[in-house]
Amino acid sequence: MRPRCVITGIGAVSAVGVGIDEVWESLCAGKSGIASVTSFDTSEFQCSFGGEAISGDKLVSAKDYVPKSYRKATKVMARDTELAVVAASLAAKDAGLVTREAGDDAETTIPSGRVGCHIGAGFIAAETDELTSALVTAKDDQGEFSLNMWGESGIGNLQPLWLLKYLPNMLACHVTIIHGCEGPSNTITCTEASGLLSLGESLRVIERGDATACFSGGIESKINPMGIARMSMVGRFAEIPADEQEPWRHVRPYEADSPGGVPGEGGGIVILEEKDSATSRGARAYAELLGIGSAQSQAGAIGVCHQVDNCGGPAEGADEGLADAINAALRDAGIDASQIDAIVPAASGAAPMDCAELGGLELVFGEALNTIPLVTLTPFVGQLFSGAGAFALAVGAKAIAEQTLPARLHGGSPDARANAGASESVQTKLDRVLVCTGSLSGQAAAVVLGRLD
Amino acid sequence: MSSGRVVITGAGWVTPLGHELDAVWQRLVAGECAIGPVEHFDASTFATTFASQVKGFKLSDHLGDRAECHECASLATKYALAAAVSAWHNAGFGPTMAAAGGSRSSEHVDPKRFGIYLGSGEGRMDLDNFVRTNYAGWDDDARRIDYKKWAKAAPKNLVAARELEQEPSMCIAHVSAELGCRGPVSNCMTACAASTQAVGEAYELIRRGDADVMLAGGSHSMIHPLGMTGFIRLTAMSTRNEDPSTASRPFDSTRNGFVMGEGAGMVMLESLEHAQKRGAPIIAEVAGFGSSADAYRITDIHPQGLGAAAAMARALKQAGIDPNAMDDSGRPLVHWINAHGTGTKENDKTETAGVKAVFGESAYKVPFSSVKSMLGHLIQAAGAVELITCLQAIKTGVIPPTTNLNSPDPQCDLDHVPNEPRDCNPMGGVDVCLSNSFGFGGQNNTICVRKFAG
């Protein structure tokens, strides 16, 4: 019999708040965090709006969360890493865990060797200003980039630890150092599916006895020039007039002609803990992790090079991989589809992806699909990519604990098959919630969360 | 009821020493070296001008006409495709599902019970167009980018497919389109430990019952201007430009850094029951997997190699092997440790300390060598390629040497198999190997493989 695992802490970072309580309040109040991007001038970008993680009136910064002795290290953190460090710190506190963060001599709740760390990450874009200020020193007489000049002297204009700033595993690396996690640690990079795949790996690690608890989730920031440019090129983002006062109205999950989504940043890190450990230390638990599943969607027979035309997602109608992943998670949980009370899907707002997702959900739930509420989050926070699944997970767990569905924003009207139109927050019975997502390159993941007795 | 045992039934690789399983092995045993001047780009003014490169590679040699379907893929993804298809054939699965006309079933494996777990790296940056975009946006007076100008330049210069193919998850999309795997999926990036971790977690997925068959491994190429740049700034690479072929010197007192390599390694993992049912050739059994984090510093390895020791100890425990025990002939139960052995000052010293922490006095009796001396460091692909050398050692009874090892560092005083291979057949062959991989950022992963004994 495998050990049961529960979520004992949530750290969520997003445009609608820092910390799960703030996030939850905004979601229930129907307050979107999408606004004009402040961190650089986006006025000429296809999409000038985004969901930046802001606390008060300034961007969330790791400096305000790390121990004093660790502040210097924040200089070699990419934005993604900063947000992960913040989320991890919030998660540990929320779970009532004392970690190495409290000092090297602190008595930790769980021994270091028994704590794992699985944080999904994205393909972190190098800061363009930082890199270009070095690249321009290698311009030849014709104004062209010279590899020889770069090799000779240009390279020296980058900071020595430049590479370490952008390795995707630096999110987990900093978190393991700060909190002293010496158990298994991994960095899964499967875009939107990263967070849920990480949660699945944490579960397996705990089940096989290699850890008692894990920091688990995913974080990414696409609020940077390369991030926005790249994803605009595959049709992810909407063109929104710069003077739009309510930009969230343009993000319309499951609407046939939805103009697209907007970039966002953040995600979630939870503490997944063996139930016995949580019970014995008297910890509160949000929800139980009942089942996990993942699958790969197949691209069309023409090959994957054509994914560009389709937001990178599956090339054919329904996302079969998503259906496979959900069915695997339901089997793992030992339940059937009719026992799901709500679904937190990707709902990106980019029409081809939403269409594939809806098709995948329909394969599992059939005609009953439109009776199951879909919790759509992109009109609140934008597309979080590697943070998306984990943010959805954080919201799903909180919804179970509160027995409440958050409000839904929608600027139009979704496909009739999707129970996703605008609505107020509502109290309801939530025994089991499905969190699921497909992804940019076809990986799909699903988890089933259950209410605790 | 499943026994929970997992075996390896196929392997394939694309390495700087060749692309065929046995041919590469013969070169490794012969102590050949693949390292030479960088040919992928003009690196003549770089602090390091050499690397270990894949040569004579054409995807169509491995995929035939199907290569066209992957034309836009990054170089490393093409290596991954070739290695994956080799592993598939090596395991006796017959035509790939794509080659069979996009068929979604195979007589040998249920696609939904066939998963994929890779530790593949990011695709190479489209440097020319990236630089063009950034130059166009640069405001020389303000010393920063004018993003109004940049935003107009980006769509004119950047190519959508090339940008998308840099995503580290694209390799899986290509490989699974070829092999038709629809089961559990993941790609991890834990730097130099990635593909060992991928194989380890794939093994755990089968043990849990989530899949019958997994393709696992990794691919990577950082032999491009910004890839080399990053490691040059970290001063992690050897700068022995005058003598590339002896530059990779694991455990030698004159070592001065690793040598950048590229390639891919893939294995087919299978539950024992599944392999036996289809009468598959069993190459070896996965006996254990251990994973840990240093949680120490972003730049340094724990000086006592504690994280490395934890990973090795965990793998051995799972395999049920006592590191201090000897067989009747006085031989330790582990017959070869495939060292991470990068040739950096720090790694080789701390890895040695880690082995001693686990094996105690027996450490001196366990052969401990690094094929990076010949292949260079394949970064995320290193672990899987090196695991395959363990499979070959088990198959042939021979341990490959650490070359360029003429004056061992006194702090690296284990049994290094210097310069000449060791034929273990007179003492009963090679039954059990450990393969170590440690990554920047503090991830440590060790796999234990054992000769299949029924």
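**Notes on the two chains**

1. Let me begin with the contacts inside chain A. In chain B, 79% of the contacts between residues at least 6 apart in sequence join residues at least 24 apart.

2. A word on conventions. This is a predicted model, in which local features need pLDDT of at least 70 and side-chain atom pairs count only at pLDDT 80 or more, while totals for chains, interfaces and linings use all residues. Residues are numbered from 1 along each chain as its sequence is written, and chains are lettered from A and ligands numbered from 1 in the order in which they are written.

3. Now the overall build of chain A. Chain A has 13 helices and 16 strands, where helices (H or I, at least four residues) and strands (E, at least two) are DSSP runs numbered from the N terminus. Its radius of gyration is 21 Å, close to the 22 Å that the globule rule gives for 453 residues, so chain A is as compact as a globular protein of that length. The radius is taken over C-alpha atoms, and the rule is 2.2 Å times the number of residues to the power 0.38. The C-alpha trace of chain A spans about 70 × 60 × 45 Å along its principal axes. Of its 453 residues, 66% count as buried; buried means 20 or more other C-beta atoms within 10 Å of the residue's own, exposed means 12 or fewer, and partly exposed lies in between, with C-beta atoms placed from the backbone.

4. Chain B has 14 helices and 16 strands. Its radius of gyration is 22 Å, close to the 22 Å from the globule rule for 454 residues, so chain B too is as compact as a globular protein of its length. Its C-alpha atoms fill a box of roughly 75 × 55 × 40 Å along the principal axes, and 65% of the 454 residues count as buried.

5. How do the chains meet? The contact takes 80 residues from chain B and 80 residues from chain A. On the chain B side there are 39 nonpolar, 24 polar and 17 charged residues. Here Ala, Val, Leu, Ile, Met, Phe, Trp, Tyr, Cys and Pro count as nonpolar, Asp, Glu, Lys and Arg as charged, and the others, Gly among them, as polar.

6. Please look at the domains of chain A. The assignment gives domain 1 (5-128 + 161-280) and domain 2 (289-450); such bounds come from an automatic or database domain assignment. The centres of these two domains of chain A, taken over C-alpha atoms, are 19 Å apart. Their contact takes 65 residues from domain 1 of chain A and 57 residues from domain 2 of chain A. On the domain 1 side, the elements that give two or more residues are β1 (5-14), α1 (20-29), α7 (194-207), β9 (213-221) and β10 (265-274) of chain A. The residues of that side divide into 32 nonpolar, 24 polar and nine charged.

7. Chain B is divided into domain 1 (6-125 + 162-277), domain 2 (127-161) and domain 3 (288-450). The centres of domain 1 and domain 2 of chain B, taken over C-alpha atoms, are 33 Å apart. Nine residues of domain 1 of chain B are in contact with six residues of domain 2 of chain B. On the domain 1 side, α6 (160-164) and α9 (225-233) of chain B each supply at least two residues, and the largest share, three residues, comes from α6(B).

8. One helix pair deserves a look. Helix α8 (residues 194-208) and helix α14 (residues 382-396) of chain B pack at an angle of about 65 degrees, with their axes 5 Å apart; axes are lines fitted to C-alpha atoms, for helices over the stretch in contact, and angles run from 0 to 180 degrees between N-to-C directions. That makes α8(B) roughly perpendicular to α14(B), the class for 65 to 115 degrees, while angles under 35 count as roughly parallel, over 145 as roughly antiparallel and the rest as oblique. B:A194, B:S195, B:T196 and B:V199 in α8(B) meet B:A382, B:G383, B:A384 and B:L387 in α14(B).

9. Finally, is A:S194 buried or exposed? A:S194 sits in helix α7 of chain A and counts as buried, because 37 C-beta neighbours lie inside 10 Å. Its contacts include A:G120, A:G218 and A:S386.

Conventions
Contact = placed C-beta atoms within 7 Å. Lists of a residue's contacts leave out its neighbours within four places in sequence.
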